[in-house]
Amino acid sequence: MPSSPCPPVSDADWPEEIADLREGFAGALNVYRTMAHHPALLEAWAPLRQHVVKENALGPELTEVVILRAGLRMGSAYEWAHHVSRALAQGFSEQRITAIRGTPEGVDGLIVNAVDALFDERMLAQEQEAELAEAIGRKAVIDLIAMVGFYSVLGYLLKTYDTPIDDAIQQQAQKQPALFSIAPGSSS
């Protein structure tokens with residue numbers, strides 16, 4: 001397979017105009033090191049990332065449900081593996097993570113169905129939006145929609161440039177390959 005035209009940028013090649021981002025979130029993950037090939041985009045991305053990932057109305061637990069399902073639907077092995085790791089760190093059981101591959105019960109199921117609707121229908125039906133808003137609040141629904149869009153963009157970048165899963169996540173995945181694999185049961 002040919003090498004990526006945009007492999008993760010090394011510290012030595014990090015663009016000077018975004019030097020301040022290297023020590024934060026951007027330097028920590030290959031996805032943002034890949035995005036560093038376009039410094040202006042990465043710099044503009046930072047404040048949106050702060051809201052979508054850290055300060056949204058869903059809270060950390062439901063955020064992981066959204067991202068896991070979006071990563072799965074995108075077919076992004078990178079996002080799936082990274083967010084399995086984050087979900088485990090938040091106390092998710094293997095069963096809960098595995099359920100997100102299908103249709104879980106309760107609020108997780110509402111969220112999975114919403115993510116699927118956004119991928120399949122490009123919108124939430126009025127009834128679905130109302131049920132979700134009652135369960136998690138309207139601001140959280142809007143954040144969910146934005147999060148699916150945000151992670152779709154990341155998925156496009158990751159897949160286009162074949163961005164490698166970060167080493168620490170690869171090491172964790174070796175201990176639970178089926179859980180961390182985007183397609184359990186396959187050889188990938």
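Mentor: What follows starts with the aromatic residues and the core and ends with the charged side chains.

This is a predicted model, so local features need pLDDT of at least 70, side-chain atom pairs count only at pLDDT 80 or more, and totals for chains, interfaces and linings use all residues. Residues are numbered from 1 along each chain as its sequence is written, and side-chain values use heavy atoms, with hydrogens and water left out.

Start with the rings. A pair of aromatic rings is described by the distance of the centres and the angle of the planes. Rings of Phe, Tyr and Trp (its six-membered ring) pair if their centres lie within 6.5 Å; planes under 30 degrees apart count as stacked, over 60 as edge-to-face and the rest as tilted. The structure has three aromatic pairs. In one of them, the ring centres of phenylalanine 150 and tyrosine 151 are 5.2 Å apart and the planes meet at 65°, so this pair is edge-to-face.

Now the core. In soluble globular proteins, nonpolar side chains tend to be buried together. A nonpolar core here is a set of buried Ala, Val, Leu, Ile, Met, Phe, Trp, Tyr and Cys residues joined through side-chain atoms within 4.5 Å. The largest one holds 58 residues, and Tyr32, Leu42 and Leu144 have the most contacts inside it. Helix H10 (residues 138–160) supplies the largest share of this core, nine residues. Helices (H or I, at least four residues) and strands (E, at least two) are DSSP runs, numbered from the N terminus.

Look at tyrosine 32. Contact means heavy atoms within 4.5 Å. Beyond its neighbours within four places in sequence, tyrosine 32 contacts Trp14, Phe25, Ala26, Leu42, Trp45, Arg49, Phe150 and Leu154.

Glutamate 79, in helix H6 (residues 77–89), contacts Ile67, Gly71, Tyr151, Leu154 and Leu158, leaving aside neighbours within four places in sequence. Glutamate 79 is buried yet has no salt bridge; arginine 86, the nearest side chain of opposite charge, is 6.9 Å away. For charge, Lys and Arg count as positive and Asp and Glu as negative; His and the chain ends are not counted.

Next, the salt bridges. Side chains of opposite charge can pair when their charged atoms come close. A salt bridge is a side-chain nitrogen of Lys or Arg within 4 Å of a carboxyl oxygen of Asp or Glu. The count is nine.

Take arginine 73 and aspartate 120. Their closest N and O atoms are 2.5 Å apart. Arginine 73 lies in helix H5 (residues 59–74) and aspartate 120 in helix H8 (residues 106–121), so the bridge ties together parts that are 47 residues apart in sequence. Both ends are partly exposed: arginine 73 at 30%, aspartate 120 at 46%.

Arginine 138 pairs with glutamate 129 at 2.6 Å between the closest N and O atoms. Here arginine 138 is partly exposed at 47%, whereas glutamate 129 is buried at 18%. Shared partners also join Asp11, Arg22, Glu23 and Arg33 into one salt-bridge network. Within it, glutamate 23 and arginine 22 meet at 2.9 Å, N to O. Glutamate 23 is exposed at 63%; arginine 22 is partly exposed at 28%.

Helix H5 also carries arginine 69. Arginine 69 is buried, with a relative accessible area of 7%. Not counting residues up to four places away in sequence, arginine 69 touches Ile100, Arg101, Gly102, Val112, Val115 and Asp116.

Finish with arginine 122, in the loop between H8 and H9. Its phi is near 65°, a positive value in a residue other than glycine. Arginine 122 is exposed at 65% relative accessibility.

Technical notes:
Buried means under 20% relative accessible area, exposed over 50%, partly exposed in between (1.4 Å probe, protein chains only).
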